[in-house]
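Hello,

Here is the structure for you to take over. My notes follow below it.

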Amino acid sequence: MDIPYTVLPRRDTGLYNAKLGIWLFLASEVMLFGALFSAYILLRVGSYPGVWPHGILNVPVGTLNTMVLICSSVTVVLAWAALKANDFAKYRKIQLVTVLCALAFVCIKSYEYYDKFTHYEVVMKDGRVIDGHLVRKEGGGQVVNGRKQPPEFIVLHGVEFPAEMKAAGMAKIPLLEAIEKKSGHHAEHKEFRVAWSDTTRVQNYGPWHNTYLAIYFTLTALHALHVIGGAAVIFWIWGPGAAMWKTDPERYTNRVEVSGLFWHFVDLVWIFLFPILYLL
Amino acid sequence: MSHQAPAQSHAAHAHDSHHGGGHHDAGFWRTYIFSTDHKVIGIQYGVTSLLFLFFGFALMLAMRWQIAYPGKPMPVVGALLEGVLGPIAAGGVMTPDLYNTFGAMHGTIMVFLGVVPLGFAAFGNYLVPLQIGAIDMAFPRINMASFWSFLIGGMVMFVSFFIPGGAAQGGWTSYSPLATSIPTDGQTWWILAMVLIITSSLLGSVNFIATVIQLRAPGMTWMRMPFFTWAQFVTAFILLLAFPPLEAAAVMQLMDKVFHASFYLPTGLLIGGQLADISGGGSPLLWQHLFWFLAHPEVYVLILPAIGMVGEILANNTRKPLFGYRSLVYSVLAVGFISFIVWAHHMYLTGMGTRISTFFQTTTLIISIPSVIILTCLFLSLWGGSIRFNSAMLFALAFLPMFGIGGLTGLPLGFNFSDLLLHDSYYVIAHFHYVVAPGTIFALFAGVYFWFPKMSGRKMNEWLGKIHFAGSFVFMNLVFFPMFAQGVAGMSRRMSDGGVSYMLNDMTADVLGRLPKEVVEANIGISTAAFLLGVAQIPFIINFFWSIFRGEKVTSNNPWDATTLEWQTPTPPPHGNFDKPIKVYRGPYEYSVPGAARDYLPQNEPNRS
């Protein structure tokens with residue numbers, strides 16, 4: 001007593017059950033990411049003119065990550081094709097590349113996240129804004145009444161913006177370009193040693209910093225979870241689950257195909273994410 | 001490897017169930033708790049959702065006490081609530097915070113943990129594979145995962161009552177920034193529970209669609225599928241595509257709540273008179289769009305399985321084919337499609353603009369066309385039938401006018417100009433409860449009475465069933481009908497004191513914006529009727545448990561002389577469902593065929609040549 005069409009396709013639909021299942025699942029995934037993309041559009045269109053940040057992500061790193069994912073999309077197909085041609089050893093080699101690409105993607109993404117979480121915007125009491133990466137914290141850190149004390153000084157490497165920009169609600173990147181154009185040379189990046197007592201606000205570039213970063217972190221984190229989940233399944237089929245190749249090769253090949261379909265979807269989402277977050 | 005015999009023939013495998021004895025002694029845990037059998041999962045869903053329905057009803061009763069007698073300690077349960085929930089129920093009195101909690105959770109529980117799991121998941125799981133002649137769902141283990149995800153989500157929702165600050169208070173719609181800025185953790189728990197429930201519904205809907213597409217028995221063409229299966233099929237598509245946007249919305253609200261992002265929080269938001277320490281730039285309308293993108297199709301998720309069940313029961317008990325089977329199928333498909341483009345009729349008052357309002361008003365009125373076709377076909381099915389008035393049929397018959405009232409009173413809400421007056425009033429409460437409570441829940445009761453003999457091998461008691469029906473019918477209407485009048489008189493739906501603070505005591509005062517005394521005092525009658533509605537469910541509860549053990553045993557596998565395949569199985573159906581290979585020869589409702597020996601021809605009965 002078995003459920004029909006688990007391995008071989010039903011004649012009138014041309015699909016085996018799992019393939020139909022994954023396509024349906026992907027349809028719902030389209031709606032999930034579609035909702036978040038809509039949110040991106042709505043937030044961006046609804047933002048005040050000039051406030052939506054541009055160019056705060058590292059485009060070369062993002063491009064590299066895009067290449068890594070496209071590469072993995074190719075290998076996941078080649079691996080499946082190798083199984084179809086009954087070449088298990090070749091499948092093993094190629095699919096390993098897929099998993100390594102996924103790993104590389106997550107590592108590069110983590111580096112980008114780290115970069116954002118160590119990137120601070122410090123608003124001084126005199127209205128100046130210092131924007132830069134954290135070099136070190138000095139003093140503080142001891143726990144008093146269960147609360148961690150702030151450091152006495154923080155050292156940042158970055159640039160300084162005049163007090164007027166905050167009042168005007170301007171985005172930093174256009175302002176930086178304007179400063180550079182006016183002075184005719186590269187805006188000075190240097191180290192700032194700031195006393196905590198001189199600041200009114202110290203905030204890093206997390207999702208709380210602005211709605212652009214909020215949607216950036218939400219979209220990319222959800223996407224990264226998909227990468228990790230997809231890679232885990234592909235790896236499981238590649239490694240511990242490979243015993244099935246001996247007992248039921250057709251079904252094993254189907255599994256590789258279905259996980260590959262999911263992987264393509266994950267890549268496709270990134271193909272949309274990259275331009276809207278990094279380039280536009 | 002590609003030359004394996006195509007051993008996937010359905011008949012061959014169904015036949016194997018005789019020999020596949022290994023599945024029958026899988027042990028207690030695998031058979032009843034962590035089962036992958038669609039029928040056990042259906043019953044698990046059924047029992048869980050009936051419990052949640054009861055719980056949601058109890059929350060409502062507590063609220064009705066507060067509405068009728070604001071500020072007075074609750075009898076009997078007041079001390080209990082204070083003991084369990086602490087200062088939020090101080091002195092056994094329902095505080096506004098507790099009222100908000102119960103209100104939010106009543107809606108959430110009734111919709112997401114009560115009616116949808118009962119109508120779609122419980123009946124769907126049990127019946128869809130049987131009706132299409134399959135031995136199980138396409139993905140039995142995913143089916144099990146769906147139930148457990150649902151159960152854990154329900155538990156998280158339930159446990160959130162007992163965390164400090166209590167459960168969510170932002171209404172079942174959880175509008176931001178209100179829901180985000182309430183300083184308790186209830187909303188966070190609500191979101192987490194919803195994510196689990198959405199996961200469950202996703203797994204379930206993929207399974208249903210794949211099952212219907214892939215596992216139909218030989219001869220079960222699309223136009224031979226029972227109407228209930230069609231309704232489930234469309235419902236599954238709605239769940240598959242409408243729920244993910246709510247999941248996205250919930251994730252963003254979680255980001256707002258936990259990571260202090262500002263997806264839904266506008267610049268310059270004041271909370272308690274203080275400028276909120278947020279980055280701002282978010283859009284409160286975004287939440288409403290994403291929420292209603294799910295929550296309007298969700299209405300059809302609530303109603304379509306119910307309509308499907310009513311169709312089955314009507315055809316069986318009138319002993320004639322459903323009127324306009326094809327029209328019904330196409331109408332259900334049309335409803336499914338159009339349900340995705342009507343959502344913003346919940347948002348006429350948000351200031352989103354008259355053009356958008358006009359668009360959604362138009363689509364809203366368009367969707368009423370297939371809905372009316374469905375209801376008309378069901379009414380016409382009664383014409384000339386020799387009707388058997390058993391409990392199932394009574395509930396199914398009552399569904400028709402109740403759903404009719406619910407639908408027709410929706411029209412003034414669909415027009416944006418009349419909605420401006422009625423929005424957020426008790427009129428809205430009455431309207432959607434007529435659809436869901438006397439409508440859908442009556443259909444669900446009808447389903448329980450109708451399919452109980454197949455699930456248990458015993459019939460439910462008719463006498464108790466009829467008492468249950470009479471009580472439910474009378475008190476449901478006494479509860480909800482006066483609310484139309486209250487709403488038209490301007491009573492807002494979200495007041496924790498039932499409108500007393502707006503009551504007009506003497507006519508010399510300024511009457512503008514005030515409620516006539518009779519309108520407010522109608523609350524006492526409504527609350528009494530609600531309590532009696534609870535009493536009217538006692539015969540059902542007794543009947544349900546008594547009949548499991550002592551009910552009249554069925555003498556055949558097909559006690560209602562029905563045509564569809566779920567009645568052509570042993571009773572109750574074993575693991576694997578059918579004891580013989582199933583092949584379908586005819587449509588689902590061949591009742592009273594001229595010249596036939598009996599007044600029904602089962603779908604798997606071959607044509608006599």
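Chain B has 609 residues, and a compact globule of that length would have a radius of gyration near 25 Å; chain B has 25 Å, so the two agree. Bear in mind throughout that this is a predicted model. The C-alpha atoms of chain B occupy a box of roughly 85 × 55 × 50 Å along the principal axes. The secondary structure of chain B comprises 19 helices and 2 strands. Buried residues make up 54% of its 609. Take the contacts in chain B with a sequence separation of 6 or more: 78% of them are between residues 24 or more positions apart.

For 280 residues a compact globule would have a radius of gyration near 19 Å, but the value for chain A is 25 Å. Its C-alpha box is roughly 75 × 40 × 40 Å, again along the principal axes. Of the 280 residues, 31% count as buried. Chain A contains 8 helices and 7 strands. Of its contacts between residues at least 6 apart in sequence, 70% link residues at least 24 apart.

How is chain A divided into domains? The assignment gives two entries: domain 1, made of 17-116 + 210-279, and domain 2, covering 120-204. The centres of the two domains, taken over C-alpha atoms, are separated by 36 Å.

Next, the sheet in chain A. It is open, has 5 strands and runs in the order E6-E5-E2-E1-E7, with antiparallel pairing. Which strands stand at the edges? They are E6 (190-195) and E7 (199-204) of chain A; each has a single partner strand, so one side of each is left without a neighbour in the sheet. On average, neighbouring strands are turned by 40° against each other, direction ignored.

The pairings, taken along the sheet:

- E6(A) and E5(A) are antiparallel and joined by 6 bridges. Here Lys190(A) in E6(A) is the bridge partner of Gly158(A).
- E5(A), residues 153-161, pairs with E2(A), residues 129-138, in the antiparallel sense over 9 bridges. Gly158(A) turns up again here, in E5(A), opposite Gly132(A).
- E1(A), residues 119-124, is joined to E7(A) by 5 bridges, also antiparallel. Val122(A) has Val202(A) in E7(A) as its bridge partner.

Last, the contact between the chains. Chain A contributes 35 residues and chain B contributes 42. On the chain A side, three helices each supply at least two residues: H1 (17-45), H6 (211-238) and H8 (249-279). Which of the elements gives the most to that side? H1(A) does, with 14 residues. By residue class, the chain A side divides into 21 nonpolar, 11 polar and 3 charged.

Best wishes

Terms used:
Residues numbered from 1 in each chain as written. Chains lettered and ligands numbered in written order. Predicted model: local features only at pLDDT ≥ 70, side-chain atom pairs only at ≥ 80, totals over all residues. Pairing = 2+ DSSP bridges. Helix = DSSP H or I, 4+ residues; strand = E, 2+ residues; numbered from the N terminus. Axes fitted to C-alpha atoms, helices over the stretch in contact; angles between N-to-C directions. Contact = placed C-beta atoms within 7 Å. Nonpolar A, V, L, I, M, F, W, Y, C, P; charged D, E, K, R; others polar. Rg over C-alpha atoms; globule rule 2.2 N^0.38 Å. Buried ≥ 20, exposed ≤ 12 C-beta atoms within 10 Å, placed from the backbone. Domains from an automatic or database assignment.
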